[in-house]
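Here are some exercises to work through with the structure open beside you. Try each task yourself before you read its solution.

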Amino acid sequence: MSTLSPTAPVTDPAPASADLLARLNPAQRVAAEAVRGPVAILAGAGTGKTTTVTHRIAWQVASGTFAARELLAVTFTDKAAGELRERLARLGVRGVEARTFHGAARWMLSIMWPHYRGTAMPELAPQKGLLLDQIARSLPAPDCFRPRRELAQEIEWAKNRRIAPRDYLAELDRTGHEQPLKDAGRMLMVYEAYEAAKRSVNAWDFEDLLWALADLLDEFPEAAERLRKRFRAITVDEYQVVNPLQQALLDHWTSETSDICVVGDDYQTIFAFTGASPAWLLEFPQRHPDATVVRLEESFRSTPQVLELANRLTPKLGGFEKTLRTADALLERPDFTGPAPYVESYATRADEAAYVAREAKRLHLDEGVDYHEMAILYRINARSPEFESALAAAGVPFVVRSGAFLDRPGARGLLRMLDNDRRPGSDVRVAAQAAAERLGWREDGQVKGSDEAQTLQEDLSRLVELAGSEVWPDPASFAMAMRMRFAVNADTSGVELLTMHRAKGLEWDAVFLPRLNAKELPFKSRTSAADTDDERRLLYVGITRARRHLYLTRAADAGAPSEFLVELGVVSPQVVQREARASSTRTRGSGVELDDSDPLVASLREWRRIESTKSGKPAYTVFDDKTIAAIVAAKPRSEGALLEVKGVGPAKVERYGETVIDLVRAALAED
């Protein structure tokens, strides 16, 4: 326990450097000079948070308030911890413990566990997916195809709240939390099997590190007291995303008299699905009535035009009010200018993607913006292929930062299934559909789960559609063509494609925010919907990634505009209502969005269901949704007219023609 032993109090203050705080603006300086806690630094996007935190820690040491080894700085990523150490070293400060929550817990346990438990600490297990893959394979369909990351996130949801398997079902009932599988008992089985698999090899996952340390400190109060004496002051970065398990550790590491500084921005709480909550930050002044609260609102990143738009969202963001403004130092630079944010609607998703690609090329050629200083941020990974194709066609280099189309489970699995199928003359679309169904695809899209599940469905739907878009020699040729189509021009440096969640903490000269449509943001699948407040904060994060150029676009064939565009004041409520009505019968994606209130749609779908049941074959083998939409649009009243409908061939006219025409005539008679 020697390395966690408390240090002697500082009696001889270190000489304070008079110019250490000279480069800080007034608000940053107030925060840095508040060397004793409790302190809350509310750091808006681009306001120099890391600069403020490092100078505050350096001033805690330079002013003689604390010795460097008495300080613990907790971050959420290894990259942030490394940057903190590097910046402190440049300020002449070494010896501060700057670690992630998990890194700090692992370090503390490596010393405490053998001492208090009398055994060696378990090894850290590899990624959850490796263990969960074997467990998930034993599940019945469609749950066996559920993305492994989605199962891992559900386990993390429970463990971040210290919910053991024995309490899992009761907690679901208490909170109303929606688990990803067909029934909760099945998810409980996965959770139990996962925990048993870890125990069998004496391994921990990352959540176990925090849980084991919290349990140890609960059981041995003297261990917690020793830690509090070792670290007399603690700084917590990104405090808006702490979860209950992390907060439990902080409560052990600090006491009522401890010096604690929390840093964060409740406007940027975008990981609620992990258990993160801004509540701890928002309630900090209530828990610490004597706290010093400092707001950082001067942005060193974005133009006034970008910030003015971002600030329009703040009335509904709640929490601590912050109004961002561009730093005077930026405004004085002649090269730091930018246009008003560009807002536009395009007729189709293809048109929207083509515009983004053209504009990226124009920015590069006409205004000298480097490609790697541009980003396309979308809500879910399923959107990347549209922009991969458009950028490739325009000759624009790009990098997919959060899962390229061909690297995702749906595309990778389906194409592998078709690789060796070289039967000449075989129906490639039927082969693709069969492979997609083996991977959990459903034509109607009625699949429970998160945006990862939605991405899987849309990736598979995209390939099924492409398989039927032209005549292929055989399924293997189709698979090869898809790899060529989506692999070209994927560069090591270029326009960055990633989700809005992945963009947190990053910035670019130009940011494109496409597909700002209803059901996309806020995200809503056919079986679940994301929290609107979380989604609004996600858009705020997306907007504030831009330094100078910002583009907000949408596609009419993807549905009505996002409600957030109304809140931003760039689209009127009347436009939303008009486009919502127009989209109710519009085709969408690789399938269609059918209007079930239409009697003809309802009767055709019910008839198709009956035919499918009688034949024992999938519904799409009768007519897929796209063909039903075409029949509804054409309303054929003769077999000749039905034969002209795309997707209806002579065989199907002979088999189903009379019934379909009767249904059309009946629907028209009702009208």
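Rings of Phe, Tyr and Trp (its six-membered ring) count as a pair if their centres lie within 6.5 Å; planes under 30 degrees apart are called stacked, over 60 edge-to-face, and the rest tilted. The model is predicted, so local features need pLDDT of at least 70 and side-chain atom pairs count only at pLDDT 80 or more, while totals for chains, interfaces and linings use all residues. Residues are numbered from 1 along each chain as its sequence is written, and side-chain values use heavy atoms, with hydrogens and water left out.

**Exercise 1. Aromatic rings**

Task: Find which residues ring pairs link into a cluster with Tyr342, then describe the pairs Tyr116 and Phe220 and Tyr168 and Tyr191.

Solution:
- Step 1. Ring pairs join Tyr342 with Tyr346, Tyr355, Phe512 and Tyr551 in a cluster.
- Step 2. The pair rule gives a count of 17 aromatic pairs. One of these is formed by Tyr116 and Phe220, which is tilted, with 4.7 Å centre to centre and 35 degrees between the planes.
- Step 3. Tyr116 sits in helix α4 (residues 101-117) and Phe220 in the loop between α9 (206-219) and α10 (221-230), so this pair ties together parts that are 104 residues apart in sequence. Helices (H or I, at least four residues) and strands (E, at least two) are DSSP runs, numbered from the N terminus.
- Step 4. Tyr116 and Phe220 are both buried. Buried means under 20% relative accessible area, exposed over 50%, and partly exposed in between (1.4 Å probe, protein chains only).
- Step 5. Tyr168 and Tyr191 make an edge-to-face pair, at 6.0 Å centre to centre and 80 degrees between the planes. Tyr168 belongs to helix α7 and Tyr191 to helix α8 (residues 184-200), 23 residues apart.
- Step 6. Tyr168 has a relative accessible area of 1%, so Tyr168 is buried; Tyr191, at 2%, counts as buried too.

**Exercise 2. Two helices**

Task: At what angle do the axes of α6 and α7 cross, and which residues meet?

Solution:
- Step 1. The axes of α6 (residues 148-159) and α7 (residues 165-175) come within 11 Å and cross at roughly 85 degrees. Axes are lines fitted to C-alpha atoms, for helices over the stretch in contact, and angles run from 0 to 180 degrees between N-to-C directions.
- Step 2. Therefore α6 is roughly perpendicular to α7 (under 35 degrees is roughly parallel, over 145 roughly antiparallel, 65 to 115 roughly perpendicular, and the rest oblique).
- Step 3. From α6, Glu154, Trp157 and Ala158 meet Tyr168, Glu171, Leu172 and Thr175 of α7. Contact means heavy atoms within 4.5 Å.

**Exercise 3. An open sheet**

Task: In what order do the strands of the sheet that includes β11 and β13 lie, and which helix touches β11?

Solution:
- Step 1. Six strands form this open sheet in the order β11-β16-β15-β12-β14-β13, with parallel pairing. Two strands pair if DSSP finds at least two bridges between them.
- Step 2. At the edges are β11 (342-346) and β13 (398-400), each pairing on one side only.
- Step 3. β11 pairs with β16 (residues 546-555) over five bridges, and Val343 has Leu552 in β16 as its bridge partner.
- Step 4. Helix α16 (residues 349-367) packs on the sheet and touches β11, β12 (374-378), β14 (495-499), β15 (508-513) and β16; its direction makes about 160 degrees with that of β16.
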